[in-house]
Amino acid sequence: MDTNNVEEALSEPLLDGSAGEPSGEVSPAYSEFGDTNSERRESICSCFAKIPTIAYILVSMLIFIMILFLTAGLLPPSADVPPEYNQTNHTSDDLPPLIQKLLSDSESSGPKAIHISLTESPTAVHIQFSTTNIGKPVVEIAETDNPSEAKKYDGESTTYQASDMCVNNQSADNTKNFVPPGQLHTIKVTDLKVNTDYVYRAGISTGQGVRWGEYINFRTSKPPGFTPSASNSSKPAITFLALADQGVADGTIDGHGAGQNVSRLITSLSLKNHTVDSIHIIGDLSYADGNTHTWDKYMDMIEPFASRIPTMVAVGNHEYDYKRGDGSKEDGSGIKTNQTFHPSWGGHGFHDEGGECGVPFAKRFAAPDNGNSVFWYSFEQSLVHTIMLSSEHNMTKGSDQFKFLEADLSGINRTVTPWVVVELHRPMYNNEEYWTQDAIGIAMRDEIEKLLHLHQVDLVMSGHYHTYLRSCDGLYQEKCSSGGPQYVTVGTGGAPLDRHEVLIPNHYTKKFDNKHFGVGRVSIYNASALYFEFVALGEEVVDDFWLSRQRK
């Protein structure tokens, strides 16, 4: 068939009837040879009638044996099959990662793992997705109220190999663990109206046309300084969710985590009447630790909310930390070194986490172009200025990250965005007795706490410890009500919760919870009032508090 007519042919009804239904009329080609075919069928049936019944049995057995033989030949040797795959009642998750990937890819070669994120401008977004096919990534987008005025944008594609990561990476050492991520696409969509509903679809353009995904609705960001109208003054100007330490567990096995359950919670909270403006995941996202197929599972897991609500990420130790790189190439953050930041005071608090070196993280996500890619940056929505930092990189005085933080804080217009939030994976304040980890928090306070105090940062959120913690307000140099920020740990995103019972006695911890998975929900009403809720699975509010600020 002429390939140019394939789409036209596929769109026509089958046999002049409705799709998949015969029309009831015999085609001319069939009736022309009808008698001859009838005679042949009678002759064939007559021949088969003469074959003894036992022959049917023998032929059937022979065919069955041949199928078994061919199937066995296609399977890998039993020594290469993971032990759990040989057990009964296995599921598709028990298959080797590459087989899972091939089975998944065979279902759809169109856009997958679609997610959007904010840029340095409220009139633009990044739309990212992956495909198995190589081609030009495209997005078609239109205002929901004006779908006929659709615009198209194209973007760039990338990928990565095991060799792009650290030498000691288990994916590089054991290639059966590495699953190529396919093509990773990023499109920057510009010239959008702020706080406006849009519909879009992502696609991949090849020589055979465009393979489109489904239509997806989202709302663009509220511009800096946005406040509700007088008639809606009882509603928040902006609401966002925050969490850390997620993973991909489904919550069915006690102690294995509940990342999928938390994703469903986020989806439920986010899509109710457009009540959530962005989602912040503060490090330790997938826990792939070098097994890159886990990233595919994670990206598919978050797509229901991340494709509709701008999702901003911070780097955690599981995305980045490594100790034995070869030093001859840059890691995901653009640093050429044989290990990540490992100061002497860090002790054993900085581990090697599978040697990803931030490569999958940097390839799969995008950020505003005002810092160091997805590792440190800032963005604004409505009345809040948010700064994402990396607790895995050098932030000592004089470092690149410290200089970024200092310049960013100095440049904030507090009349436009009166609230300032800082997010980084490791917490500066904690109450669990893990001394190698606690030393890192103390050291970070030594480096940046004075800077946060000087610029009157309002809220600092972190993860790393798989618990929820709320400090007193105004915490500075371990003293409450001293002009410092409110500190919150929300490491309850789905990774197994800490059951550590030894806590550091202190006067600044006001709430501690290691029994609930959940997310933080931050609602800012005006320049003076912020409301925080810790929302657990089942949408139960386990803790809440107000922050009140008197602005000059």
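These are my notebook entries on a predicted model of one protein chain.

**Ground rules**

I number residues from 1 along each chain as its sequence is written, and side-chain values use heavy atoms, with hydrogens and water left out. Because this is a predicted model, I take local features only at pLDDT of at least 70 and side-chain atom pairs only at pLDDT 80 or more, while totals for chains, interfaces and linings use all residues.

**Entry 1: the whole chain**

I began with the secondary structure. The protein chain has twelve helices and 22 strands. Helices (H or I, at least four residues) and strands (E, at least two) are DSSP runs, numbered from the N terminus.

I then looked up burial. Of the 552 residues, 48% count as buried. Buried means under 20% relative accessible area, exposed over 50%, and partly exposed in between (1.4 Å probe, protein chains only).

The accessible surface comes to about 26600 Å², and 53% of it belongs to carbon and sulfur atoms. These areas come from the Shrake-Rupley method with a 1.4 Å probe; for residues, only the protein chains shown count as cover.

I also checked contacts, meaning heavy atoms within 4.5 Å. Among those between residues at least 6 apart in sequence, 69% join residues at least 24 apart.

**Entry 2: the four-stranded sheet**

I traced an open sheet of four strands in the order E1-E2-E6-E5, with antiparallel pairing. Two strands pair if DSSP finds at least two bridges between them. The edges are E1 and strand E5 (156-158), each pairing on one side only. The twist averages 20 degrees from one strand to the next. Axes here are lines fitted to C-alpha atoms, for helices over the stretch in contact, and angles run from 0 to 180 degrees between N-to-C directions.

I went through the pairs in turn. Strand E1 (residues 112-118) meets E2 over five antiparallel bridges. The two form a hairpin with six residues between them. Serine 117 has histidine 126 of E2 as its bridge partner. E2 joins strand E6 (residues 183-189) through seven bridges, again antiparallel. There, valine 125 is partnered by valine 189 of E6. E5 and E6 share three antiparallel bridges. Glutamate 156 stands opposite threonine 186 in E6.

Next I looked at burial in E2. Seven of the seven residues of strand E2 (residues 125-131) are buried, so E2 is largely enclosed by the rest of the structure. Val125, Ile127, Phe129 and Thr131 point one way; His126, Gln128 and Ser130 point the other way.

**Entry 3: alanine 366**

I located alanine 366 in the loop between helix H10 (359-364) and strand E13 (377-381). With 15% relative accessibility, alanine 366 counts as buried. Not counting residues up to four places away in sequence, alanine 366 touches Ser117, His126, Gln128 and Val374. I noted threonine 119 too: alanine 366 is 247 residues from it in sequence, yet 8.4 Å from it in space, C-alpha to C-alpha.

**Entry 4: the six-stranded sheet**

A second open sheet runs E12-E11-E10-E20-E21-E22, with mixed pairing. Strand E12 (311-314) and strand E22 (540-548) are its edges, and each pairs on one side only. Neighbouring strands are turned by 20 degrees against each other on average, direction ignored.

Strand E20 (residues 518-524) and strand E21 (residues 529-536) run antiparallel, joined by seven bridges. Glycine 518 finds its bridge partner in alanine 536 of E21.

I also found a helix on this sheet. Helix H7 (residues 259-270) lies across strand E10 (238-243), strand E11 (278-282), E20 and E21. H7 runs at about 25 degrees to E20.

**Entry 5: H11 against H12**

Helix H11 (residues 400-410) and helix H12 (residues 435-454) pack at about 5 degrees, with axes 11 Å apart. That makes H11 roughly parallel to H12. Angles under 35 degrees count as roughly parallel, over 145 as roughly antiparallel, 65 to 115 as roughly perpendicular and the rest as oblique.

H11 contributes Phe402, Leu405, Glu406 and Leu409, and H12 contributes Glu447, Ile448, Leu451 and Leu452. By class I have six nonpolar, no polar and two charged residues. Ala, Val, Leu, Ile, Met, Phe, Trp, Tyr, Cys and Pro count as nonpolar, Asp, Glu, Lys and Arg as charged, and the others, Gly among them, as polar.

I looked again at glutamate 447 in H12. Glutamate 447 is buried, with a relative accessible area of 19%. Leaving aside neighbours within four places in sequence, glutamate 447 contacts Met395, Thr396, Lys397 and Phe402.
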